[in-house]
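Subject: Structure handover and notes

Dear colleague,

Please find below the structure that I promised to pass on, with the sequence alongside. My notes on what was found in it follow directly after.

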Amino acid sequence: MEIYGFTEKAEKEKGFHFMKKSSDDFYPQSEINIEFCIKGENINPADITKIIEISPSRSYSKGDQIKNKPVFRDHSLWEIETGFQLSFDVNNQLEIMIDMLNNKKDLIKKLTLKYDILISFIIVINFINQDKPAIYLNKEVISFANEIGADIQFDYYFYEKSNWIYKEL
């Protein structure tokens with residue numbers, strides 16, 4: 001059985017647990033988004049895009065006005081993200097992000113030498129109906145983050161949705 005891109009057999013082999021809705025329906029309830037951010041006061045997001053050759057999901061420059069507010073940005077940002085996905089394990093989404101960045105590792109390291117920047121992975125988890133995905137970092141994630149000088153942050157939010165309905169893909 002395949003639900004949301006996961007196969008029951010493959011996920012059980014990885015040690016994941018399925019939540020049982022009925023006798024034939026397993027599904028995750030937590031949503032996970034991984035953000036990869038490059039922040040700095042003196043960086044140009046367009047330059048980062050040219051160097052890394054990935055279009056950002058979001059970017060802004062120091063001095064830009066925050067939408068609908070009389071406040072201006074105090075740093076520049078270049079960011080890509082996976083988008084929220086239903087998941088049993090944060091490492092699934094981290095692997096997607098690392099796969100996108102793996103062949104850019106040397107370019108990212110050069111950016112750290114050229115600019116005063118902060119590199120971060122931000123793991124955003126929406127816990128829904130008290131469902132809890134596996135939250136740990138495997139060796140590959142830790143190693144990659146260390147190699148590029150990235151920190152890892154967690155943001156989490158809790159929601160109760162009594163009529164939460166998911167559709168099979």
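This is a predicted model: local features need pLDDT of at least 70, side-chain atom pairs count only at pLDDT 80 or more; totals for chains, interfaces and linings use all residues.

Residues are numbered from 1 along each chain as its sequence is written, and side-chain values use heavy atoms, with hydrogens and water left out.

Strand S5 (31-40) pairs with several others; helices (H or I, at least four residues) and strands (E, at least two) are DSSP runs, numbered from the N terminus, and two strands pair if DSSP finds at least two bridges between them. With strand S8 (residues 85-86), S5 pairs in the antiparallel sense over 2 bridges, whereas 10 bridges join S5 to strand S9 (residues 117-128), again running antiparallel. S5 and S7 also run antiparallel and are joined by 6 bridges, with Cys-37 standing opposite Glu-79 in S7. Because 9 of the 10 residues of S5 are buried, the strand is largely enclosed by the rest of the structure; buried means under 20% relative accessible area, exposed over 50%, and partly exposed in between (1.4 Å probe, protein chains only).

Gly-40 also lies in S5, and it counts as buried because its relative accessibility is 7%. Not counting residues up to four places away in sequence, Gly-40 touches His-75, Ser-76, Asp-116 and Ile-117, where contact means heavy atoms within 4.5 Å. The C-alpha atoms of Gly-40 and Ile-119 are separated by 9.0 Å, although these residues are 79 residues apart along the chain.

In helix H2 (residues 45-52), Pro-45, Ile-48 and Ile-52 are buried. These three cover an arc of only 55° around the axis, which puts them on the same side of H2, the arc being that of the directions from the helix axis to the C-beta atoms. The buried residues of H2 pack against strand S5, strand S6 (58-60), strand S7 (76-81) and helix H4 (105-114).

Just after H2, Glu-53 takes a positive phi of about 60°.

With best wishes
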